[in-house]
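Hello,

Here is the structure I promised to pass on.

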Amino acid sequence: MVKFFISPYTLIPNAPLNALTGAAVREGVLLKVTWPDGLTGYADLHPWPELGDAPLKDHLADLKKGRVSAIVEQSIWLARRDAKLRSEKLNMFFEGVPIKNNFTIIRSQILQPGMIDEICNEGFSSVKLKVGSDLVNEADFLNHLAAANLRIRLDFNAVSSWQVFEKFISNLSPSVRALIDYVEDPFPFDEKSWSEAQTLVKIAVDNQMRKVPWKYLKKPPFDVLVVKPARTDVDVAVAYCKKWNLKMTITSSMDHPVGASHAAGLAMELKKEHGEMILEAGCLTHRLYHMDIFSAELTTQGPYLLRVKGTGVGFDKLLEGLEWQAL
Ligand code: MG
């Protein structure tokens, strides 16, 4: 019988995380799964009720009864990857090829002096900016990014509208627009208006992916899939990218360092397998939270997450030392 154990945790944001959520402490659980074949693996479970997920307690109550939600299914899949690598004493970070991550900026950080110089000096080539709560300031900030020749990824989390989006993009200078890699979830998914948006700038789909009628699409009204392995079936996403000639960005779910490391390890493996199709990742999100014993274990070098000590996804001693409650 497959057995599940949980260890609850909290993450303390340094500042409000996006246009939809505040700076409230975030809750999740680490999941330990043991299989009848003797393997044990670990993963994160970090729902986002703000983005439409059921609350954490519902996922756990369901799992207890043998019902597996989509995000729990992903957690179990990631735990199994971890378990296999652990059993072979392999570290996930040596299984793929190095992949750069974008620098993630949340709104309240944009006025910090010296930040852009620091990003460039560390070797980052692209910045992801959460936008939509103060467009005037955000547009001004983009000029500074462009002056430093940084590539730009914008994320509206679908809070904008076609009119606001169109005006915002049209008013940007040509030098800023030339540096925009894509705009993520500009407004709620609608095939026709997303197609129009695509004529202005490349579009990426992230949280709106669940609204995409894949079976009936003639041509996707987006160019990039933003795939969070904690939330999306990676094999299905890869198949879509191949079928429609789309690119893929792997990101964390702004979750626990165990979740972010799973995403980074997978990004490195997919990069090795699919090359150009896999764009720079977005897994260095642990810095959005106060440092804890787990994030202290992450070894980064500029835009690269180099490794996490241990086997599988790493953190061996810390994971073994946690208190686990049987589910
Ligand atoms: Mg997004």
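Which residue just after α2 takes a positive phi? That residue is Lys89, with a phi of about 60°.

Before the rest, some background. This is a predicted model, in which local features need pLDDT of at least 70, side-chain atom pairs count only at pLDDT 80 or more, and totals for chains, interfaces and linings use all residues. Residues are numbered from 1 along each chain as its sequence is written, and side-chain values use heavy atoms, with hydrogens and water left out.

Let me start with the metal. The magnesium ion is coordinated by Asp155 (OD), Glu184 (OE) and Asp206 (OD), at 2.1 to 2.3 Å. Donors here are N, O and S atoms within 2.8 Å of the metal (3.2 Å for Na, K and Ca), and sites may look incomplete because water is not among the atoms. Along the sequence these donor residues follow the spacing D-x28-E-x21-D. Glu184 sits in strand β7 (residues 180–184) and Asp206 in the loop between β8 (203–205) and β9 (224–227), so this pair, 22 residues apart, links distant parts of the chain. Helices (H or I, at least four residues) and strands (E, at least two) are DSSP runs, numbered from the N terminus. Both Glu184 and Asp206 are buried, meaning under 20% relative accessible area, where exposed is over 50% and partly exposed lies in between (1.4 Å probe, protein chains only).

Now the sheet. It is open, with 7 strands in the order β4-β5-β6-β7-β8-β9-β10 and parallel pairing; two strands pair if DSSP finds at least two bridges between them. β4 (103–105) and β10 (247–250) stand at the edges with a single partner strand each, so one side of each has no neighbour in the sheet. Strand β6 (residues 151–155) is joined to β7 by 4 bridges, and Ile152 has Ile180 as its bridge partner in β7.

Next, the packing. In the largest nonpolar core, which has 85 residues, Phe222 and Leu225 touch the most other members. Helix α9 (residues 257–274) gives the largest share of this core, 7 residues. A second, separate core of 18 residues includes Phe4, Val33, Leu60 and Ala83. A nonpolar core is a set of buried Ala, Val, Leu, Ile, Met, Phe, Trp, Tyr and Cys residues joined through side-chain atoms within 4.5 Å.

Happy browsing, and best wishes
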